[in-house]
Amino acid sequence: MIFYFSGTGNTRWAAERLAQAIGERLLFIPSEMKGDCHYSLEEGERIGFCFPTHGWQPPRIVRRFIRRLKIEHAEGHYCYALTTCGDSIGRTMEILNKELQHSGLPQASSMFSLIMPESYVCLPFMYTDTPEREKEKIEVASQQLDDYIGMILQRKTQEIHTVKGIAPWSMSHIVGNYFNGRMVTDKKFSVDADACIHCGKCQQVCPTGDLVITEGLPSWQHDGSCTCCLACYHHCPKHAINYGAITRKRGQYFFGHNKKATS
């Protein structure tokens, strides 16, 4: 089984290709969290985790899911993890394995990262990639994913193919702790009412159901469910949704928006 989370589609693309190649079930974490998170494995079934890196850590929703996750007779089953990122992952995988260990689950014995087009644009130095850079990243990631799928099919262990970047401990445990503790919030989202066309796309793409339509306009629940994936922002056809003031002049990205880049 493959547990996955995705906001703007990069991880969904990778997880769907992986599930099709290895022939195992694909489970969307936000949907699974509506249930008891209790599973049984088929004989020889692998355990996979696919998710984007958020602030050099696994997303908060993934960590919460693992803390609830129960898998019967998981011992001895092959476990792996794949994360997507804009440039580097720091110690994301080490944090993931610590969460798995605390939950009494097998740790990922092989770990992979894919550098994908950038979607986080809420800091002064962060922008979406150019169409040319998008295309380049996706082409390289596609080739790497094929290699990773081969390793997973063969149940290879100790395959570590990740880009940790500069000062990985500091990025994950200092910058990452601040980012995920203070900046993952829906309180800075707003909508330009004059620009909104009431299409409801933002509500449709919100992976956690945090966004609802109230009197024709998007409204965020402020209940802690937001992952700050920016799916609502990136999918808005009129760029009517913003996160603070900084995103008003930033680009938009979701996987597949530029057909030439993803073909």
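Tutor: What follows is a set of questions on labels and the values behind them. Keep in mind that this is a predicted model.

Student: What makes the radius of gyration of the protein chain agree with a compact globule?

Tutor: Set the value against the rule. With 263 residues, a compact globule would have a radius of gyration near 18 Å. The protein chain has 18 Å, so the two agree. The C-alpha trace spans about 55 × 40 × 35 Å along its principal axes.

Student: Which secondary structure elements does the protein chain have, and how many?

Tutor: It has nine helices and twelve strands. Of the contacts with a separation of 6 or more, 75% join residues 24 or more positions apart.

Student: Why is alanine 14 called buried?

Tutor: Buried means under 20% relative accessible area. Alanine 14 is at 1%, so it counts as buried. Its place is in helix H1, residues 10–22. Beyond its neighbours within four places in sequence, alanine 14 is in contact with Leu82, Leu114 and Leu145. The C-alpha atoms of alanine 14 and cysteine 206 are separated by 19 Å, and the two residues are 192 apart along the chain.

Student: Leu114 came up there. Which residues have the most contacts inside the largest nonpolar core?

Tutor: Phe3, Phe49 and Leu114 do, in a core of 53 residues. Helix H5, residues 131–153, gives the most to this core, with seven residues.

Student: What is leucine 114 in contact with, leaving aside its neighbours within four places in sequence?

Tutor: The partners are Trp13, Ala14, Leu82, Thr83, Thr84, Cys85, Ala141, Gln144, Leu145 and Tyr148.

Student: Next is serine 113. How do you know whether it is buried or exposed?

Tutor: Take the relative accessible area, which is 3% for serine 113. The cut-off for buried is under 20%. Serine 113 is therefore buried. It sits in strand S7, residues 110–115. Not counting residues up to four places away in sequence, serine 113 touches Thr83, Ile89, Gln144, Tyr148, His161, Thr162 and Val163. Serine 113 and arginine 46 are 67 residues apart in sequence and 18 Å apart in space, C-alpha to C-alpha.

Student: Threonine 227 is in a loop. Why is it called buried?

Tutor: Its relative accessible area is 10%. That is under 20%, so threonine 227 is buried. The loop runs between strand S11 (217–220) and helix H8 (231–235). Leaving aside neighbours within four places in sequence, the contacts of threonine 227 are Phe5, His54, Ile61, Val184 and Thr208. From threonine 227 to arginine 68 it is 159 residues in sequence and 18 Å in space, C-alpha to C-alpha.

Student: Leucine 230 lies in the loop between S11 and H8. Why does it count as buried?

Tutor: Leucine 230 has 2% relative accessibility, so it counts as buried. Its phi is near 70°, a positive value in a residue other than glycine.

Student: Where is aspartate 129, and what does it touch?

Tutor: Aspartate 129 is in the loop between S7 and H5. Beyond residues up to four places away in sequence, it touches Met116, Pro117, Glu118, Glu134 and Lys137. Aspartate 129 and glycine 251 are 8.4 Å apart in space, C-alpha to C-alpha, and 122 residues apart in sequence.

Student: Last, the charges. How far apart are the mean positions of the positive and negative charges?

Tutor: They are 5 Å apart, for 29 positive and 27 negative charges.

Terms used
Residues numbered from 1 in each chain as written. Predicted model: local features only at pLDDT ≥ 70, side-chain atom pairs only at ≥ 80, totals over all residues. Heavy atoms only, no water. Core = buried A, V, L, I, M, F, W, Y, C linked by side-chain atoms within 4.5 Å. Buried < 20%, exposed > 50% of the residue type's maximum accessible area, 1.4 Å probe, protein only. Helix = DSSP H or I, 4+ residues; strand = E, 2+ residues; numbered from the N terminus. Contact = heavy atoms within 4.5 Å. Rg over C-alpha atoms; globule rule 2.2 N^0.38 Å. Lys, Arg positive; Asp, Glu negative; His and termini not counted. Charge placed at Lys NZ, Arg CZ, Asp CG, Glu CD.
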